[in-house]
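Subject: Handing over a model

Hello,

Here is the structure I promised to pass on.

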Amino acid sequence: LASVVCAMLQGARGYVTISQWVHSQDDELWHALGFTRRPPRQGAFRKLLMALSPTFFERVLADWAK
């Protein structure tokens, strides 16, 4: 989820662009985001985001930002 948030803060607005943003980063950032190998592809981001309630995700992010 951290990689999704970072990508969205950089302007990514979809599964493809989130995946592209993550894969365009250096290995150091991948490791900082918790990936021990290559990050997942767009299908994994799609499945993850489809499994989440958008309202819940937004509320959790807003609470974290406060």
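Below is what I found, going from the whole chain down to single residues.

A word on the basis: this is a predicted model, in which local features need pLDDT of at least 70 and side-chain atom pairs count only at pLDDT 80 or more, while totals for chains, interfaces and linings use all residues. Residues are numbered from 1 along each chain as its sequence is written, and side-chain values use heavy atoms, with hydrogens and water left out.

**Overall fold**

The chain has five helices and zero strands, where helices are DSSP runs of H or I with at least four residues, strands are runs of E with at least two, and numbering starts from the N terminus. The radius of gyration is 12 Å, close to the 11 Å that the globule rule gives for 66 residues, so the chain is as compact as a globular protein of that length. That radius is taken over C-alpha atoms, and the rule is 2.2 Å times the number of residues to the power 0.38. Along the principal axes, the C-alpha atoms fill a box of roughly 30 × 25 × 20 Å.

Of the 66 residues, 23% count as buried; buried means under 20% relative accessible area, exposed over 50%, and partly exposed in between (1.4 Å probe, protein chains only). Taking a contact as heavy atoms within 4.5 Å, 45% of the contacts between residues at least 6 apart in sequence join residues at least 24 apart.

**The core**

Which residues make up the largest nonpolar core? There are nine: Val4, Ala7, Ala12, Ile18, Trp21, Val22, Trp30, Phe35 and Phe45. Such a core is a set of buried Ala, Val, Leu, Ile, Met, Phe, Trp, Tyr and Cys residues joined through side-chain atoms within 4.5 Å. Both α1 (2–9) and α2 (15–23) supply at least two residues of this core, and α2 gives the most, with three. Ala12, one of the core residues, touches Ala7, Thr17 and Ile18, leaving aside residues up to four places away in sequence.

**Pro40**

Pro40 sits in the loop between α3 (27–32) and α4 (42–51). It counts as partly exposed because its relative accessibility is 29%. Not counting residues up to four places away in sequence, Pro40 touches Ser19, His23, Phe35 and Phe45. From Val22, Pro40 is 18 residues away in sequence and 8.8 Å away in space, C-alpha to C-alpha.

Happy to hear your thoughts.

Best wishes
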